[in-house]
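Here is a brief report on one protein chain.

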Amino acid sequence: MPKSLKKKIVFYIKVVVTLAFCGIIFAKADWAGLWAAIRNVNRAMIAVVVVCMLLNIVISAKKWQILLSIHRMDVHLSDLTKYYLTGLFFSNFLPSTIGGDGYRMYKIFNINRSKTEAVVPVVVERLSGMVILLFLGFLAAIVSFRLYGDKVSEAGLLFGLCGTVAAILVTGLVFNRRIQLWIESFSFIPARVKNFVGYLDGFGRNRLQLLQCAVISILFYLFLFAYRYVLLYAVGETCSFSSFAVVTMLSTVIASLPISINGIGLMDGSFIYLISSYGVGYEAAITFMLLQRALTTAISLVGGLIYLKNKEVLKAPGPRDEEIRQLKETFFQ
């Protein structure tokens, strides 16, 4: 089967799955109650959430900047923030092509022409972020389980424990050159994986920057938990902060499964189902997710405006889809 045809089939399957999940979510809703929940949203709190979301994008860009600096790449924070916003636009409006991470890789590649240094910082940023999320979710699950002893908290403990173990293993991999050489010695391990592992040695020699990245990741997710918690208040609902953090962690992990477009329907449905275990109303939970999606989309449009504003600059040489796909495939295909 041609590669292009295979990608189309996978995309269409994701579309069907996304529509199916969304259909199930809204089929179970009380439309009168949903409309009432939407009308009663606290708009002042929404404004606070928007500001916090924008600040979190800057925080993410700062982490990316530190990872790039490990290999002596000096890119201004304002530029990286613009790339992040534009990448968000690509992820939300071009989900079937290059994606936001691919766009960000391409922009760095345009600066130094090194595929490795363009790809790996983005990959490390994503992986470390997921590990930190699982670790924080584990801590929240401990508190939530002590409070309620419920199944959702148990699931949080399981996933969080896996993240904590992964954090320990990753730390050993990054800081222990012997482990890296041991992995590189196996002939069955793909060359791209070996290249990635070898590249980690550079990170291991820059412990201060890695510590800064870990702290920034923790602040990022604590901030994310906090402003989403405010969003829950904005729709007139509440639950314990620890339980909310567990649900956010679990729904984010579930949404990472590559079976829907940008996790649409998958994240929403899992969040609504899990948060209902803590007494949050179904229609309010739907309103929460609709607002979260709407705000993310609105912010990503800022990235679209940035992209259009710099269109003439980008035409030379311009972000070509095929080049970006090749960058993304450097380590993963």
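Contact here means heavy atoms within 4.5 Å. The model is predicted. Among contacts in the chain between residues at least 6 apart in sequence, 73% join residues at least 24 apart. The chain has 15 helices and 0 strands. Of its 333 residues, 45% are buried.

**Covered helices**

Helix α5 covers residues 99-112. Its 14 residues reach 21 Å from the first C-alpha to the last, close to the 20 Å expected at 1.5 Å a residue. Is α5 enclosed or open? Of its 14 residues, 10 are buried, so α5 is largely enclosed by the rest of the structure. The buried set is Gly99, Gly100, Gly102, Tyr103, Arg104, Met105, Tyr106, Lys107, Ile108 and Phe109.

Helix α12, residues 266-275, is also mostly covered, with 8 of its 10 residues buried. Those buried residues are Leu266, Met267, Asp268, Ser270, Phe271, Ile272, Leu274 and Ile275.

**The nonpolar core**

Which residues touch the most other members of the largest nonpolar core? They are Trp64, Leu80, Ile108, Phe244, Ile275 and Phe288, out of 83 residues in that core. Take isoleucine 275. Leaving aside neighbours within four places in sequence, isoleucine 275 contacts Cys239, Phe244, Val247, Val280 and Ala285.

**Helix pairs**

Two packed pairs are set out below.

| Pair | Residues | Angle | Axis separation |
|---|---|---|---|
| α6 and α11 | 115-148 and 241-255 | about 140° | 8 Å |
| α3 and α4 | 43-69 and 77-93 | about 120° | 9 Å |

The α3 and α4 crossing is right-handed. On the α3 side, the contact uses Ile57, Val58, Ser60, Ala61, Lys62, Trp64, Gln65 and Leu68. On the α4 side, it uses Leu77, Leu80, Thr81, Tyr83, Tyr84, Leu85 and Leu88.

Residues of α6 in the contact include Met130, Leu133, Leu134, Gly137 and Phe138. Partners in α11 include Ser242, Ser243, Ala245, Val246 and Met249.

**Single residues**

Glutamate 125 sits in helix α6. Buried or exposed? Its relative accessible area is 6%, so glutamate 125 falls under the 20% limit and is buried. Not counting residues up to four places away in sequence, glutamate 125 touches Ser60, Lys63, Trp64, Leu67, Tyr84 and Arg104. Of these, Arg104 is one of the buried residues of α5.

Alanine 32 lies in helix α2, residues 31-39. Alanine 32 is exposed, with a relative accessible area of 57%. Alanine 32 and glutamate 283 are 251 residues apart in sequence. In space they are 9.2 Å apart, C-alpha to C-alpha.

Asparagine 262 is in the loop between α11 and α12. Its phi is near 55°, a positive value in a residue other than glycine. Most residues other than glycine have a negative phi. Asparagine 262 counts as partly exposed, at 36% relative accessibility.

Note on methods:
Residues numbered from 1 in each chain as written. Predicted model: local features only at pLDDT ≥ 70, side-chain atom pairs only at ≥ 80, totals over all residues. Heavy atoms only, no water. Helix = DSSP H or I, 4+ residues; strand = E, 2+ residues; numbered from the N terminus. Expected span 1.5 Å × (residues − 1). Buried < 20%, exposed > 50% of the residue type's maximum accessible area, 1.4 Å probe, protein only. Core = buried A, V, L, I, M, F, W, Y, C linked by side-chain atoms within 4.5 Å. Axes fitted to C-alpha atoms, helices over the stretch in contact; angles between N-to-C directions. Left-handed = near helix turned anticlockwise from the far one by under 90°.
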